[in-house]
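Please open the model in a viewer and keep the selection panel at hand.

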Amino acid sequence: MGSNSSRISDLPKNEYLKKLSGTESVSENDPFWNQLLSFSFPAPTSSSELKLLEEATISVCKALVENNPRTGNLGALIKVFLSRTKELKLSAECQNHIFIWQTHNALFIICCLLKVFICEMSDEELQLQFTYEEKSPGSFGSDSEDLLEELLCCLMQLITDIPLLDITYEISVEAISTMVVFLSCQLFHKEILRQSISHKYLMQGPCLPYTSKLVKTLLYNFIRQEKPPPPGAHIYPQQSDGGGLLYGLASGVATGLWTVFTLGGVGSKAAASPELSSPLANQSLLLLLVLANLTDAPDAPNPYRQAIMSFKNTQDSSPFPSSIPHAFQINFNSLYTALCEQQTSDQATLLLYTLLHQNSNVRTYMLARTDMENLVLPILEILYHVEERNSHHVYMALIILLILTEDDGFNRSIHEVILKNITWYSERVLTEISLGSLLILVVIRTIQYNMTRTRDKYLHTNCLAALANMSAQFRSLHQYAAQRIISLFSLLSKKHNKVLEQATQSLRGSLSSDDVPLPDYAQDLNVIEEVIRMMLEIINSCLTNSLHHNPNLVYALLYKRDLFEQFRTHPSFQDIMQNIDLVITFFSSRLLQAGAELSVERVLEIIKQGVVALPKDRLKKFPELKFKYVEEEQPEEFFIPYVWSLVYNSAVGLYWNPQDVQLFTMDSD
């Protein structure tokens, strides 16, 4: 590298890199480091060039892997970086561009080397690379310093303490990237790591006191969405051939050139990555999610998860219980606004899920907001565009709705929020509709999509659970929402009849042939009947608790009353059909008395009058429908591969060879 500009293809022959990875030790005080750290060359402009950068430096990295245990040059480089970071804050205040530029370059090289070392080595071998100590002849072992632990503590300090200015933006991003790289050992193991070098350094010792400050800083980086400095404000020397390597890497990231491979095994589709307006916010969120989803250490819980579970609003003046470690406060209004604005990305939706599920302070605050539509509408849009989202993103959005619908106040308030002109809903023009009715429409659409495409039982279950939680609070349902509820029941009814017919034909066929294996229609029938009963319970819950608020649902029931005839005497549905049958019979009678050829308006008027006349004690009471989201056992088996898939696809300026990744299946483009 060095001060002269070079090309990627020149890197294996670069004299400075050869010396770094060679057989001779270089003292940390050697002028060589200033020369090494003054490099620049044109930034890669495509994913193929980023891959070339990795391939061009692999020989240097492998030479260093072989020689470093004897030379200690990696340790010397880290010591150079550590000594520089002590003056970094002052350099930022004094606008010392060159000093910060070279410090950034040092960290960039460390990050590149660390990535290769973690991929190639066991934890024990990795530690050996960081614990070299030069000994004079005849001296005997003293305690060698643990440079990896010092490096991690230094990175945490850099992330949390260095002021975010134009000249420090890129080194802040690089520090976060390096921490992501340090944690990336999970990528190279199929099994979930429950004890690793990450647990050793980040959950105990000198790094532990930085926990709450680091989590708070990463959250604020996400909240603020700080954009990178404009080209004229960067800290690196301009070159006629395109600028310095480090600036090139940072600015190239913002154009979205770094997503090289698409994840295949973790979701049906990888979400299209929008252009990154804030690499710092994106990278901070990824690091936060990785830290939050580390498994507990054998002798201690994950402190980063503890911090995420317990932080409070800055407006909350009550003292923290002494039993809560790593507590801090953050501005909930700013956090809420950022979460509402950023839901187009998987990682922002995953953060929202994490906070709603694990932090009761955040959940209570959000449910008390009077502008919940700002949060709910982006979630509904994710579900509405289910074909364009990966299955995990859809699943997280649905679980968020389920958690929200556990609250009766939420279920009431969403019917009081009136929305105008929902442009992304294309099946029908919705000029005016309540948030509650829109939520019902989108969830029903998700169920129907799932029935015809993915056939995921858990998706069905969670969609129906959310509708069931809301059903007792249905208010003034939009006529289209009422129609879609009955249309879904019609679809289920047809499916039930089809499976029943197939089962009957199969049974007849089995009497004439003993050799042909029979499809398990009984199981299919059992599943569809469970879903039908759930739909009947949802309709019944609405009729029992809020009949007078929902004339459109009664109208839709009467219009399609023949659908329910076959279920009146069915042993699985007889009990739940009593109320529905009573309502249909009562209102049919009143319509019959009113005469033939009634207009829609007249029918609705008769229904509204009939609601008052229908004795409430004639409707049988059933237990309230309430479903609570419960995380599956060993949730890390789901969340850790999911988080790392997001890192793999989204990480700023990082590339991993798909052949090395073991945690999930990779499909390259």
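This is a predicted model: local features need pLDDT of at least 70, side-chain atom pairs count only at pLDDT 80 or more; totals for chains, interfaces and linings use all residues.

Residues are numbered from 1 along each chain as its sequence is written, and side-chain values use heavy atoms, with hydrogens and water left out.

**Stop 1: T71**

Select T71, which has its place in helix α3 (residues 47-71); helices (H or I, at least four residues) and strands (E, at least two) are DSSP runs numbered from the N terminus. T71 counts as buried because its relative accessibility is 3%, where buried means under 20% relative accessible area, exposed over 50%, and partly exposed in between (1.4 Å probe, protein chains only). Next, display N73: its backbone nitrogen is reached by the side chain of T71 at 3.3 Å.

**Stop 2: F489**

Move to F489 in helix α23 (residues 479-512). With 0% relative accessibility, F489 counts as buried.

**Stop 3**

On a 1 Å grid over the protein atoms alone, a cavity is a set of points where a 1.4 Å probe fits but cannot get out, and a pocket is an open set with protein on both sides within 12 Å along at least five of seven lines; lining residues have an atom within 4 Å of a point. Grid points are joined across faces, edges and corners, and a volume is the space filled by probe spheres set on the points.

The second largest cavity has a volume of about 120 Å³. To centre the view, select Q186, N293, L294, I640 and W644, the closest to its centre of the 14 lining residues. Helix α28 (636-650) and α10 (197-202) each give two or more residues to this lining.

**Stop 4: the largest pocket**

Finally, turn to the largest pocket, with a volume of about 860 Å³. Of its 38 lining residues, Y395, K457, Y458, L459 and N462 are the closest to its centre. Colour α22, which supplies the largest share of the lining, 8 residues.

Terms used. A polar contact is a pair of N or O atoms within 3.5 Å; within protein, one must be able to donate a hydrogen and the other to accept it, and residues adjacent in sequence count only if both atoms are side-chain atoms.
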